[in-house]
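Biologist: Could you walk me through this one? I'd like to see how the labels get attached.

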Amino acid sequence: MKWIKRLFRLKKCEHDWKFVRNIYGDEINHCGGYRSLWECRKCGRLQWRESLYQEENINCQTFH
Ligand SMILES: [Zn+2]
């Protein structure tokens, strides 16, 4: 019953956003002016935000 699983996946997700990384330099232009990237813990959807995430609040993740 694969189609049932597919329906379940399409169910509306109440996103639980997790900070991924901030966008700097030229990449800001490539990303349409957005400054930070977020990912939903539940469905993996990505969201771009115009505000920069405060670096000092990051204590468990590093991205390079
Ligand atoms: Zn989600």
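Modeller: Here is a short chat about the labels, one at a time. Keep in mind that this is a predicted model.

Biologist: Okay, what elements does the chain have?

Modeller: Two helices and three strands. Starting at the N terminus, they run α-β-α-β-β.

Biologist: What makes β2 and β3 a pair?

Modeller: Pairing takes at least two bridges between two strands. Four bridges join β2 (residues 36-40) to β3, so they pair. The two run antiparallel, and Leu 37 stands opposite Trp 48 in β3.

Biologist: And in what order do the strands sit in the sheet?

Modeller: β1-β2-β3, in an open sheet with antiparallel pairing. β1 (17-22) and β3 (46-49) are at the edges because each has a single partner strand, which leaves one side of each without a neighbour in the sheet. From one strand to the next, the twist averages 30°.

Biologist: Let's pick Val 20, in strand β1. Why is Val 20 called partly exposed?

Modeller: Count the C-beta neighbours inside 10 Å: Val 20 has 15. Buried needs 20 or more, and exposed means 12 or fewer. The count of 15 falls in between, so Val 20 is partly exposed.

Biologist: Which residues does Val 20 touch, leaving out those up to four places away in sequence?

Modeller: Leu 37, Trp 38 and Glu 39.

Biologist: How much of the chain does count as buried?

Modeller: Buried residues make up 2% of the 64 residues.

Technical notes
Residues are numbered from 1 along each chain as its sequence is written. This is a predicted model: local features need pLDDT of at least 70, side-chain atom pairs count only at pLDDT 80 or more; totals for chains, interfaces and linings use all residues. Axes are lines fitted to C-alpha atoms, for helices over the stretch in contact, and angles run from 0 to 180 degrees between N-to-C directions. Two residues are in contact if their C-beta atoms, placed from the backbone, lie within 7 Å.
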